[in-house]
Structures are given as C-alpha cells and as structure tokens.
Amino acid sequence: MSEQLTIALSKGRILKDTLSLMRDAGISVPEDIDESRKLILQSPDMKMKFILAKPVDVPTYVEYGAADIGIVGKDVLLEAGRDLYELLDLGIGKCRMCVCGLPEEKESAVTRVASKYPRIATNHFRNKGRQVEVIFLNGSVELAPLIGLAERIVDLVETGRTLKENGLVIHEEIIQISTRVVANRMSFRLKSALIDDMITRLRQVVKGDVL
Ligand code: PRP
C-alpha cells in the first residue's frame with residue numbers, strides 16, 4: 001500500500017462542519033463516518049485513515065505520531081500545550097474564551113476561578129499579576145459562581161445563551177477560538193507532499209475559492 005496520512009478528527013460539536021469542509025475540498029471522506037461507531041475508518045480512495053477521538057485527546061495522538069494530522073479547537077490546543085505545528089485555521093467552531101461571573105461580583109473579590117481549562121485560566125490570571133486558586137471542573141462550569149464555588153469561571157462562550165439563562169455576564173474576553181489543523185513535527189517533514197496537498201485544498205475552501 002502507498003503512503004497514507006492518519007488524521008485524528010474531534011468527535012462532537014465540530015465533526016459535521018469538519019467533514020463538510022473536507023468534502024468541499026475534494027478530500028475523500030468515508031460516507032458513514034459521522035454515524036458509524038467505528039473509531040478507525042479508511043477513506044474510499046485509501047489515501048487516508050481517519051481516527052475519531054475525544055477532542056482533548058487529539059493533540060496527544062498527534063504529538064506522539066499516532067496521527068500525522070489533527071483537527072481540533074484552539075481551546076484544546078492552548079490547554080494541552082503540546083509541541084505541534086499549527087498549519088491552518090479552518091474558521092469553523094468559532095467562539096470566545098472568556099472570564100465570566102455574576103454581574104455584581106467585583107474583580108477585587110475574586111479568589112477562586114473554576115474552569116475546564118485550568119492552564120488557560122492560570123496563565124490569564126498570572127499574566128494580570130493576580131493570585132487566584134484555579135479549580136478544575138469537567139463541565140457545566142456556569143454552576144460554580146451560582147452556588148458559591150468560585151467568583152469567576154473561564155469558559156467558552158458561543159451564542160451567550162448559557163450565560164444569559166443563568167444570569168451571568170462576560171467580564172473579560174481572553175481569546176477568540178476556532179478549529180485548527182495541526183501536524184506532528186516528524187510527519188510534517190516525512191509526508192510533506194501529502195500534507196501540502198491536503199492543506200492547499202482546505203485553504204482554498206476556507207478562503208472561499210471555487211475548486
Ligand atoms: C460549552 C461551554 C458553555 C457553552 C457555551 O459547554 O462550556 O457552557 O457551551 O455555549 P453558548 O454560549 O452557546 O451557550 P458544552 O455544551 O460543551 O458543555 P459543558 O458545559 O458540559 O462543557
């Protein structure tokens with residue numbers, strides 16, 4: 001068999017948009033990939049192997065070379081802090097990483113910050129010269145300020161609906177987030193022709209060029 005690219009896709013929210021971008025780019029994607037329970041799928045043209053991973057694990061597969069390419073949110077990349085090449089912003093999965101809390105809670109009163117992104121939260125408050133305790137939560141982070149676990153959260157805001165329905169507001173925006181294509185450093189050198197071809201095709205679609 002000729003050389004193949006292994007691509008780690010993030011299961012969940014961004015999968016549908018990722019697949020439709022790839023199809024638009026003329027990349028051969030298995031028909032049933034978003035409905036199947038299979039975790040490893042071959043592309044119909046056999047040029048690529050797709051693995052379906054939890055987003056938080058995608059940088060790990062790529063750094064260790066188990067996957068050549070990963071498609072994952074910038075939030076996950078910043079939190080993971082892995083040594084990868086970031087090749088392209090796909091412009092999907094757009095949202096913002098923000099510091100949020102109750103509207104009346106003053107910044108001077110902040111001692112505890114809850115987040116699914118402890119590294120991003122810690123760096124943000126350290127850069128501001130603020131000493132806070134960062135508490136890791138797995139999800140539904142908006143609960144924390146409502147029940148007195150923390151005065152602030154660091155979390156993703158997409159539509160703002162979760163905040164609004166829970167009486168919370170954005171106090172600061174940390175960074176804009178979107179889905180990125182990353183590569184293993186060794187694969188980037190050894191499989192440069194395959195990777196270049198894929199990135200060129202995706203870039204044209206992202207830029208809105210007609211293929
Ligand atoms: C994410 C994020 C917010 C919400 C933001 O949570 O952590 O809670 O979406 O979206 P919105 O601004 O459109 O309301 P997710 O649904 O992934 O679940 P989680 O809270 O369990 O992490």
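Asp 34 is partly exposed, with a relative accessible area of 29%; buried here means under 20% relative accessible area, exposed over 50%, and partly exposed in between, with a 1.4 Å probe and protein chains only. The model is a predicted one, in which local features need pLDDT of at least 70, side-chain atom pairs count only at pLDDT 80 or more, and totals for chains, interfaces and linings use all residues. Residues are numbered from 1 along each chain as its sequence is written, and side-chain values use heavy atoms, with hydrogens and water left out.

Asp 34 forms a salt bridge with Lys 16, with 3.6 Å between the closest N and O atoms. A salt bridge is a side-chain nitrogen of Lys or Arg within 4 Å of a carboxyl oxygen of Asp or Glu. This pair links distant parts of the chain, 18 residues apart: Asp 34 lies in the loop between H1 and S2, and Lys 16 in helix H1. Helices (H or I, at least four residues) and strands (E, at least two) are DSSP runs, numbered from the N terminus. Lys 16 counts as exposed, at 59% relative accessibility.

Which residues of H1 are buried? They are Leu 15, Thr 18, Leu 19, Leu 21 and Met 22. These residues cover an arc of only 160° around the axis, which puts them on the same side of H1; the arc is that of the directions from the helix axis to the C-beta atoms. An α-helix has 3.6 residues a turn, so residues three or four places apart point the same way. Lys 16 and Asp 24 are exposed on the other side of H1. The buried residues of H1 are covered by elements including strand S1 (5-10), strand S3 (48-53), strand S4 (69-73) and helix H8 (192-207).

After H1 comes Gly 26, with a positive phi near 80°. Ser 28 then sits in the loop between helix H1 (15-24) and strand S2 (40-42). Ser 28 is buried, with a relative accessible area of 18%. Its contacts (heavy atoms within 4.5 Å), leaving aside neighbours within four places in sequence, are Ser 43, Pro 44, Asp 45 and Phe 50. The side chain of Ser 28 reaches the backbone nitrogen of Asp 45 at 3.2 Å.

In the whole structure, a search finds 14 salt bridges. One of them joins the side chains of Arg 180 and Glu 86, at 2.7 Å from N to O. Arg 180 in strand S11 (residues 179-183) and Glu 86 in strand S5 (residues 85-89) are 94 residues apart. Arg 180 is buried at a relative accessible area of 12%, whereas Glu 86 is partly exposed at 38%. Both belong to a network of salt bridges that links Lys 74, Glu 86, Asp 89 and Arg 180.

Another salt bridge, between Arg 96 and Glu 173, has its closest N and O atoms 3.2 Å apart. Arg 96 is in strand S6 (residues 95-101) and Glu 173 in strand S10, 77 residues apart.

Those two strands belong to an open sheet of five strands with mixed pairing, in the order S8-S7-S9-S6-S10. Two strands pair if DSSP finds at least two bridges between them. Strand S8 (133-136) and strand S10 (169-177) stand at the edges with a single partner strand each, so one side of each is left without a neighbour in the sheet. Strand S7 (residues 112-115) and S8 run parallel, joined by four bridges, and Val 113 stands opposite Val 134 in S8.

Terms used. Polar contact = N/O pair within 3.5 Å; in protein donor to acceptor, adjacent residues only side chain to side chain.
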